[in-house]
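Subject: Structure for your review

Hello,

Here is the structure for you to look at. My notes follow below it.

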Amino acid sequence: MLENLLERNRLWSRSRQDEEPGYFSRLASHQAPEFFWIGCSDSRVPANVVAGLDPGEVFVHRNVANVVHSSDLNLLSALEFAVETLKIREIIVCGHYGCGGVKAATEDLPHGLADHWLEPIRRQARYHARALDQHSDIEVRRDRLAELNVIEGVSRVAETPIMRRAWRAGAEIKIHGLIYSLKDGLLRDLGCTIRRSDLPNSEERAS
Ligand SMILES: [Zn+2]
C-alpha cells in the first residue's frame, strides 16, 4: 500500500515538473495563499481539489465535521498564522451534505471522544429543533443541520480576538460559509458572509 502511494507521488512529481519546469523550487521559496479553509476531515472533501486550487493557493485546517471550537488551539494557531503572517483575504468555513460527524451528533449511540467534539452541533440541533422538525426526512434534517453548523462556525471565527484585532487594524478579511454536495461536486454559498463593515459598533471599526 505505502509503496503504491510513494510510486504515485513520484509520478505526480515528475508530471508536475514536466508541465511546469521550476514549479517546486518556486513553490518551496514561499507561500502566498489568498484563502484559509476550515473544512471537514472527510476524505471526499479535500479543499484544493473541490475548490480547483493548486498547491500554494489555500491554507487549510480540517477537523471532524468542521466544528469551530473557540478554545481549539490547533484551529486558533492556524487562523492566527493565516491572518497575521500569510495575510489571507478570504476565510471559508465549508461543511458538506452527508457529513458523518453531523450524523453522529444526531444519534443517541455513544461515539466516545467524538461526542465531546460534536457538542456544538448537538447544541445547534437543540436550538433549531422546531425548524428542523418541519422536515420529515432525517437526511434533509441532517443536511440542514450541517448548514447551521457552518453558519455558526462563521460567527464563531468572527468572534475570535484574532479576527477582532485584524479588523480593528484595518484588514479587509471576509469570512464565508459554504456547503459542498458529494452528489454533484458543487460548492454552494450559504449567504452568511461576515466582513469588517459588519462589526457591531463604530468603535470596533476605528483603525
Ligand atoms: Zn464531514
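**Salt bridges**

E20 and R16 join their side chains in a salt bridge, 3.5 Å from N to O. The term means a side-chain nitrogen of Lys or Arg within 4 Å of a carboxyl oxygen of Asp or Glu. E20 is partly exposed, at 31% relative accessible area. R16 is buried, at 12%. The cut-offs for these words are under 20% relative accessible area for buried, over 50% for exposed, and partly exposed in between (1.4 Å probe, protein chains only).

Some background first. This is a predicted model, in which local features need pLDDT of at least 70 and side-chain atom pairs count only at pLDDT 80 or more, while totals for chains, interfaces and linings use all residues. Residues are numbered from 1 along each chain as its sequence is written, and side-chain values use heavy atoms, with hydrogens and water left out.

The whole structure holds 17 salt bridges. Among them is E119 with R126, at 3.3 Å, N to O. Here E119 is partly exposed, with a relative accessible area of 29%, and R126 is exposed, at 54%. Another pairs E172 with R196 at 3.1 Å, N to O.

**Zinc site**

Which protein atoms are the donors of the zinc ion? They are C40 (SG), H96 (NE2) and C99 (SG), at 2.1 to 2.3 Å from the ion. Donors are N, O and S atoms within 2.8 Å of the metal (3.2 Å for Na, K and Ca); water is not among the atoms, so sites may look incomplete. Along the chain, the donor spacing is C-x55-H-x2-C. H96 and C99 are both buried.

**Two domains**

The chain is assigned domain 1 (1–30) and domain 2 (32–206). These bounds come from an automatic or database domain assignment. The C-alpha centres of the two domains are 30 Å apart. Four residues of domain 1 are in contact with four of domain 2; contact means heavy atoms within 4.5 Å.

About 280 Å² is buried between the domains, and carbon and sulfur atoms give 59% of that. Buried area is the accessible area (1.4 Å probe) that two parts lose on being put together, summed over both. Y23, L27 and H30 supply 73% of what domain 1 buries against domain 2, more than any other three residues.

How many salt bridges link domain 1 and domain 2? The count is zero.

Best wishes
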